[in-house]
Amino acid sequence: MTRMPARRSTVALKFLMAVTGLIMVGYLLLHMYGNLKVFAGQEAFDEYAHHLRTIGEPMLPHEGLLWIVRVVLLASIIGHAYAAVTLWRRNRKAAGYTGGKRYHSARGSAGIQRSYASFTLRWGGVVIALFVIYHLLHLTGNQIHPGGASDSPYQRVVNGFEIWWVVLSYTVAMLAVGLHLWHGVWSALATLGANRSATRTGSRLTPLAWIVSGIITIGFLLPPWAILLGIVD
Ligand code: HEM
């Protein structure tokens, strides 16, 4: 067996995945809550977006806190992806992956458990990564501006979500986020030792994962759909 430093052990990598994942869940909760300010109107939303950049001044420079958040998020994404890919590879190797099915499941040759977890966590992760790039170009950088560019963050959001395919693409991405979170929150807390049950259904983590992923998914979906349906304009 090859020797490897403890920090690269499977347990350490799973710990890294769990902690970076939970940091991002915290960000998503705050971001989702902030987005709900669209229901308070243009002035409130733009004021909020402006405040994100001045918060902490003069102790911190302009956009100081925002940059701290960005650096923490970027470090979390890199750590999360590194751990994911390393664990994924290690898993394939350990299972003697030869291109066929890896797990033998009593549930039949389709192995539902395998397809569910791998789809929501692995491919879900890839979909979310692509979404974040599209999203930053759309609402942060405004290089992509369906419906028209604007200096007003509120107007950028409204212009985009008046278009059905933008709402559809965000909806697909939010469902990927929701599924990823449902499984991810559960797994992260289990890694950190919070699971006390032998079965998934009996675990207290199950309702918790539903609540966290449900609140984030529904909260994110409210602004785009309210705009598309003309409730916010
Ligand atoms: C319908 C759902 C969403 C809406 C309406 C939305 C809206 C916005 C807006 C308006 C901004 C720009 C804020 C500003 O510059 O003042 C932004 C930035 C951002 N969003 Fe979202 N967002 C959504 C979902 C998400 C999701 C699911 C993620 C992550 C998976 C995410 C990650 C980010 C990041 C990383 C930034 C950049 C923050 C920065 O560095 O300035 N967003 N979002």
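Which helices each supply at least two residues of the shell around the ligand? They are α1 (10–35), α2 (42–54), α3 (64–94), α4 (112–140), α5 (153–161), α6 and α7 (205–228), where helices are DSSP runs of H or I with at least four residues, strands are runs of E with at least two, and both are numbered from the N terminus. Residues are numbered from 1 along each chain as its sequence is written. The model is predicted, so that local features need pLDDT of at least 70 and side-chain atom pairs count only at pLDDT 80 or more, while totals for chains, interfaces and linings use all residues.

**View 1. The shell around the ligand.** There are 20 residues around the ligand, and among these Ala49, Arg70, Leu139, Pro153 and Phe220 come nearest; a residue is near a molecule or strand if its C-beta atom, placed from the backbone, lies within 6 Å of it. Helix α4 gives the largest share of the shell, 6 residues. By class, the shell holds 15 nonpolar residues, 4 polar ones and 1 charged, with Ala, Val, Leu, Ile, Met, Phe, Trp, Tyr, Cys and Pro taken as nonpolar, Asp, Glu, Lys and Arg as charged, and the others, Gly among them, as polar.

**View 2. The packing of α5 and α7.** These two helices pack at an angle of about 65°, and their axes are 8 Å apart; axes are lines fitted to C-alpha atoms, for helices over the stretch in contact, and angles run from 0 to 180 degrees between N-to-C directions. The two helices are therefore roughly perpendicular to each other, as angles from 65 to 115 degrees count as such, while those under 35 count as roughly parallel, those over 145 as roughly antiparallel and the rest as oblique. Val157, Val158 and Phe161 of α5 make the contact together with Pro223, Pro224, Ile227 and Leu228 of α7, where contact places C-beta atoms, built from the backbone, within 7 Å of each other. The residues of this contact comprise 7 nonpolar, no polar and no charged.

**View 3. Helix α1 against α7.** The axes of α1 and α7 cross at roughly 35° and come within 9 Å of each other, and the crossing is left-handed. On the side of α1, Val25, Leu28, Leu29, Met32 and Asn35 meet Val212, Ile216, Gly219, Phe220 and Pro223 of α7. This contact of α1 with α7 consists of 8 nonpolar residues and 2 polar ones, with no charged residue.

**View 4. Helix α1 against α6.** Here the axes of α1 and α6 come within 9 Å and cross at roughly 130°, which makes α1 oblique to α6. Helix α1 passes α6 in a left-handed crossing. Lys14, Phe15, Ala18, Gly21, Leu22 and Val25 of α1 meet Leu181, Gly184, Val185, Ala188 and Thr191 of α6, and the contact has 7 nonpolar, 3 polar and 1 charged residues.

**View 5. Helix α6 and the residue Gly193.** Helix α6 (residues 164–191) has 28 residues and reaches 40 Å from its first C-alpha to its last, close to the 40 Å expected at 1.5 Å a residue, a span taken as 1.5 Å times one less than the number of residues. Gly193, which follows α6, has a positive phi, near 90°.

**View 6. The loop between α2 and α3.** Pro58 lies in this loop, and the peptide bond from Glu57 to Pro58 is cis, with omega near 5°. Glu63 also belongs to the loop between α2 and α3, and its phi, near 65°, is a positive value in a residue other than glycine.

How values were computed. Contact = placed C-beta atoms within 7 Å. Left-handed = near helix turned anticlockwise from the far one by under 90°.
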